[in-house]
Structure formats: structure tokens, C-alpha cells
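Good morning, and thank you for joining. I would ask you to keep the structure in view while I go through its charged pairs, its core and its backbone.

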Amino acid sequence: MTEDDLRRLLHRVSGEGGASLARVGKQMRTSRSQLHRLLTVVGNSEGFGDALGFVELLECDPPRLTITEKGKTWLQENP
């Protein structure tokens, strides 16, 4: 994953209420399994591990991703 990929992901989930897991995968043109691997690196939830802590999975229907404060800080420092 490049910094550009990370930046794109964080922008997609930074809006009010985040974005659905399916929509993020579709917008990034990646399979669900590839998206899950990516979230293992950048996630901050029990379902995805606790790596960088930039995004969080919201357990709702449908599942949604949202940016964390740590992710917002990184995005501001790396526009």
C-alpha cells in the first residue's frame, strides 16, 4: 500500500458517518479480501486488528468504516 492509497482510503471514510465497506471497496476498485488485508494494516478495531489505528469498523448494517482522530491527524499532516 502506498501513501496515495492510504490518503484515498482516509478521504473516502472521512465524511459524516464514514462510508460503507462495500462502497469503499468499489470506489477503490479492490476486492473485499484485498480491502480486509488493507484494513488489517490501517485498522483500529477488533475485527481488523490494531495496527496504525487510522480507521475503525462500525458494526452496523451495512458495516461502515470511519476515520479515527489518529487518521485525521495523519491526513492533515500529509495532504
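A salt bridge here is a side-chain nitrogen of Lys or Arg within 4 Å of a carboxyl oxygen of Asp or Glu. By this rule, the count comes to four salt bridges. Before I describe them, please note that this is a predicted model: local features need pLDDT of at least 70, side-chain atom pairs count only at pLDDT 80 or more, and totals for chains, interfaces and linings use all residues. Residues are numbered from 1 along each chain as its sequence is written, and side-chain values use heavy atoms, with hydrogens and water left out.

I begin with helix α1. Helices (H or I, at least four residues) and strands (E, at least two) are DSSP runs, numbered from the N terminus. In α1, Glu3 and Arg7 are four residues apart, about one turn of the helix, and their side chains form a salt bridge at 3.4 Å, N to O. For burial, the terms are buried for under 20% relative accessible area, exposed for over 50%, and partly exposed in between, with a 1.4 Å probe and protein chains only. Arg7 is buried at 15%, while Glu3 is partly exposed at 48%. Glu3, Asp4 and Arg7 are linked in a network of salt bridges. Also in α1, Asp5 pairs with Arg8, with the closest N and O atoms 3.5 Å apart; Asp5 and Arg8 are three residues apart, about one helical turn.

Glu69 is exposed, with a relative accessible area of 56%, and Lys72 is partly exposed at 37%.

Which residues of α4 are buried? They are Gly71, Trp74 and Leu75. Seen down the helix axis, these buried residues fall within an arc of 100°, so they line one face of α4; the arc is that of the directions from the helix axis to the C-beta atoms. The face turned away from the buried side carries the exposed residues Glu69, Gln76 and Glu77. The cover over the buried residues of α4 includes α1 and β5, where contact means heavy atoms within 4.5 Å.

I turn now to the interior. A nonpolar core is a set of buried Ala, Val, Leu, Ile, Met, Phe, Trp, Tyr and Cys residues joined through side-chain atoms within 4.5 Å. The largest one has 19 residues, and those with the most contacts inside it include Leu9, Leu10, Val13 and Val55. The elements giving two or more residues to this core are α1, α2, α3, β4, β5 and α4. Leaving aside neighbours within four places in sequence, Val55 is in contact with residues including Leu9, Leu10, Val13, Leu39 and Thr66. Thr66 is found in strand β5 and is buried, with a relative accessible area of 16%.

Finally, two backbone features. Most residues other than glycine have a negative phi, and most peptide bonds are trans. Arg29, however, has a positive phi of about 55° although it is not a glycine. Arg29 sits in the loop between α2 and α3 and is exposed, with a relative accessible area of 78%. The peptide bond from Asp61 to Pro62 is cis, with omega near 0°, and Pro62 is found in the loop between β4 and β5.
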